[in-house]
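Good morning, and thank you for coming. Please look at the sequence and the structure together as I walk through selected parts of the fold.

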Amino acid sequence: MSVPVKYREIGDFHEYYSGTRVAPYLTLFVGGNHEASNHLWELYYGGWVAPNIYYLGAANVVNFGSLRVAGLSGIWAGYDYKKAHYERLPYGPNEVKSIYHVRELDTRKLLQVRTQVDVGISHDWPRKIEWQGDFNQLFRFKPHFKTDAQNGRLGSPAAKYVMDRLRPKWWFAAHLHCKYSAIVQFNSDAHSIPAANAIGAPYASNDTKNAQNIKEIDLGNDTEQPLDGDASGPPAKIRNKDEIDLDMEDDLPAVSELPRSNHGSTVAQASENSNSVPSDLRDQLPASFARPLPVSAPSVSHPEAITNETTHFLALDKCLPGRRFLQILDVDPVSRSPDTRANTQQSLTYDKEWLAITRAFRNINPLTSPVPYDHGESHYRPLIDAEEAWVEENIVKPGRMVIPEKFEITAPVYDPEVGLHPKEHPREYTNPQT
């Protein structure tokens, strides 16, 4: 787990893992940068980490009742985005961080979805989302966000790619340790990437009435002085001196490290290396030394079945006393797909389209480098269509869409006598769910 040694302490998750306690409600989550990533890796495609607690994996789409939910795990680090999931136990000081960096291959799969979803979940904020809410208030509360926002470095480009593609009614995130709401309108230019010096420009709404949910339930934080963690007012003067300040990751890339996306958005252009090999010398090298040519993806119009034009964004604070980490919402579905309409039971089910996408990508090993180039939607679409027909015949019609509750304990349960400092390296466990 990526956290300073002096802050490592056992929480209460082991009680849910062992079955001593059971989550009272079905809980879906994505991975962030302070999880036990080695255990989450057991469930790369998603699965139960404890009874009634479901991890969405590196990327996933599932259905709960009439709601269709998409998830993307990890945080952004441009220098790892195009890499495979190369990390192996025992993790070194670099791997313990890179293991939770979002990867292009997982993002690519979500970008193949062509039908409407209702809810999107990421740990990192979608890049530029701060400009769609009351950013002036946010910068007063979190002053160090302002420079990163102006320079286009705040948030995750991968999450933005997925949000712009799927356009869910709701998008939930965390990571930056403050409560913040915003509204993205896709039928206008309001969600386009602003210039670096565009604070106060008209694309960003400064209307807090429009950026807040009218159904918000206040959880007892109506104090005269706003509490730390709430972006609706200035920060409190008093903080817990032992609290870990996780607002800024020490592995955030410089702007020049961010790759160019194949999905229609340029994150940043790497600067030309002045010490590069001259072209006349490079031409004398064998063909095997030549740089691979990127595959240019054909332009594809936005899917007609994705019709929602407004996404409500909500980020919440850390789960600590006095912080705004919980909000209760009514979420009405906008997907209205036959699969979700047929799911009248409040059960967690597989998603037909996502199963087809997963099968279409099954020949690409996420562990193997180099990761194949993105060949574009026109390449993947026929493969996905064929797999969707297979899913219909072999999964849907036989009635196998409900996700089985097959949780099993795979690693030893926490032993207080052993404590947090076992003498052996962590082991790698297989999981029967994947």
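I begin with one glutamate. E87 touches E95, S98, I99 and R103, leaving aside residues up to four places away in sequence; contact here means heavy atoms within 4.5 Å. This is a predicted model, in which local features need pLDDT of at least 70 and side-chain atom pairs count only at pLDDT 80 or more, while totals for chains, interfaces and linings use all residues. Residues are numbered from 1 along each chain as its sequence is written, and side-chain values use heavy atoms, with hydrogens and water left out.

Where is E87 found? E87 lies in the loop between β5 (67-72) and α3 (95-98). Helices (H or I, at least four residues) and strands (E, at least two) are DSSP runs, numbered from the N terminus. E87 is buried, with a relative accessible area of 5%; buried means under 20% relative accessible area, exposed over 50%, and partly exposed in between, with a 1.4 Å probe and protein chains only. The side chain of E87 makes a polar contact with the side chain of R103 at 2.7 Å, and the E87 side chain also reaches the backbone nitrogen of I99 at 3.4 Å. A polar contact is a pair of N or O atoms within 3.5 Å; within protein, one must be able to donate a hydrogen and the other to accept it, and residues adjacent in sequence count only if both atoms are side-chain atoms.

Let us turn to the sheets. Seven strands form an open sheet in the order β8-β9-β7-β6-β5-β4-β10, with mixed pairing. Its edge strands are β8 (180-185) and β10, each of which pairs on one side only. The twist averages 25° from one strand to the next. Two strands pair if DSSP finds at least two bridges between them.

Within this sheet, consider β4. Five of the six residues of β4 (residues 59-64) are buried, so the strand is largely enclosed by the rest of the structure. On one hand, β4 pairs with β5 in the antiparallel sense over six bridges, and N63 has R68 in β5 as its bridge partner. The two strands form a hairpin with two residues between them, and G65 in the turn has a positive phi of about 60°. On the other hand, β4 pairs with β10 (residues 348-350), again in the antiparallel sense, over three bridges, and here V62 stands opposite Y350.

Elsewhere in the sheet, β6 (residues 119-122) and β7 (residues 170-173) run parallel and are joined by three bridges. I121 has F172 in β7 as its bridge partner. Helix α7 (residues 157-166) packs on the sheet, touching β5, β6, β7, β8 and β9 (310-315), and its direction makes about 160° with that of β5. Axes are lines fitted to C-alpha atoms, for helices over the stretch in contact, and angles run from 0 to 180 degrees between N-to-C directions.

How many residues of α7 are buried? Ten of its ten are, and the helix is mostly covered. At the start of α7, a side-chain oxygen of S156 comes to within 3.3 Å of the backbone nitrogen of A158. Just after α7, R167 takes a positive phi of about 50°.

The buried residues of α10 (residues 352-360) are K352, E353, W354, A356, I357 and A360. D351 caps its N-terminal end, with a side-chain oxygen 3.3 Å from the backbone nitrogen of E353.

What does α10 meet in α11? Residues including L355, A356 and R359 in α10 meet residues of α11, among them L383, W390 and V391. The axes of α10 and α11 (residues 377-396) come within 8 Å and cross at roughly 120°. That makes α10 oblique to α11, because angles under 35 degrees count as roughly parallel, over 145 as roughly antiparallel, 65 to 115 as roughly perpendicular and the rest as oblique.

Finally, there is a three-stranded sheet. It is open, in the order β1-β3-β2, and its pairing is mixed. The edge strands are β1 (27-29) and β2 (47-50), each pairing on one side only. β2 and β3 (residues 53-55) pair in the antiparallel sense over three bridges, and G47 has Y55 in β3 as its bridge partner.
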